[in-house]
Amino acid sequence: MAGEGSGAGAEMDALIRRLRLHQAGPSPYDPAPAASPAADGGGGGELFRPRRAAVLVCLFRGDAGELRVILTKRSSTLSTHSGEVSLPGGKAEEGDADDAATALRESKEEIGLDPSLVTVVASLEHFLSKHLLVVVPVIGILSDIQAFIPVLNVAEVDEIFDVPLEMFLKDENRTSEEREKMGQTFTVHYFTYVKGDQKYLIWGLTARILIHAASVVYERSPDFPERRAHFNLPKYTKDCSSMLAGLAKR
């Protein structure tokens, strides 16, 4: 048993070293440099500066040695995305040093995860939510799952559970549909996970982030085709309402 434990530890250490070398591509959602009134023609108005958020893709070894990721089911009383499955995380605050700090602070607030238990290893490519939030996934490794005693913030979280990360590369327990928004066609993925008499549906932005995270961790593409959309941020604040309306359409 000691040999098995040391072997698993060595594998996790190797994963940490490899993921620390991961370099995400440049963000397409970084705000444009401020333009002078003369350069802008004077009529554009205030430049749009998107809010930033970060989520924690927290990985640990399951009993069978598989990598698992921690997920939450959002409170049914929340005004947005109520009852949906999500990754721990939220909007950046002024005191956050970086995206990792945001993800860790929000995870502690939502599920009681002590930041000292998590080894942050990588930040991934940025995603755009339908609320025009720029979302940064941060991969963290939880080496000692037994040390994590969840304490849920019941105002935000109804449940906490975990799933195998590799399921987001497999075509099992997955359905999809094609949608069209603002002239772009893309695939929405739905993953079903059953634990006992509980059934969880993981879809939308959370599914897209986990597909990408699994691809990075396992160094391979998913077993199914991905058709992704790329929406450019509006240049000016006055243009946000029309874009939000376009993204809100099903």
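1. Three strands form an open sheet in the order E9-E10-E11, with antiparallel pairing; strands are DSSP runs of at least two residues and helices (H or I) of at least four, numbered from the N terminus, and two strands pair if DSSP finds at least two bridges between them. Strand E9 (174–181) and strand E11 (198–203) are the edge strands, each with a single partner strand, so one side of each has no neighbour in the sheet. On average, neighbouring strands are turned by 25° against each other, direction ignored.

2. This is a predicted model, in which local features need pLDDT of at least 70, side-chain atom pairs count only at pLDDT 80 or more, and totals for chains, interfaces and linings use all residues. Residues are numbered from 1 along each chain as its sequence is written, and side-chain values use heavy atoms, with hydrogens and water left out.

3. Six bridges join E10 and E11 in the antiparallel sense. Tyr193 has Tyr200 in E11 as its bridge partner. Helix H4 (residues 204–218) packs on the sheet and touches E10 and E11 (contact: heavy atoms within 4.5 Å). The direction of H4 makes about 80° with that of E11; axes are lines fitted to C-alpha atoms, for helices over the stretch in contact, and angles run from 0 to 180 degrees between N-to-C directions.

4. The structure holds 16 salt bridges, each a side-chain nitrogen of Lys or Arg within 4 Å of a carboxyl oxygen of Asp or Glu. One of them joins Arg52 and Asp99, whose closest N and O atoms are 2.8 Å apart. This pair links distant parts of the chain, 47 residues apart: Arg52 lies in strand E1 (residues 52–61) and Asp99 in helix H3 (residues 99–111).
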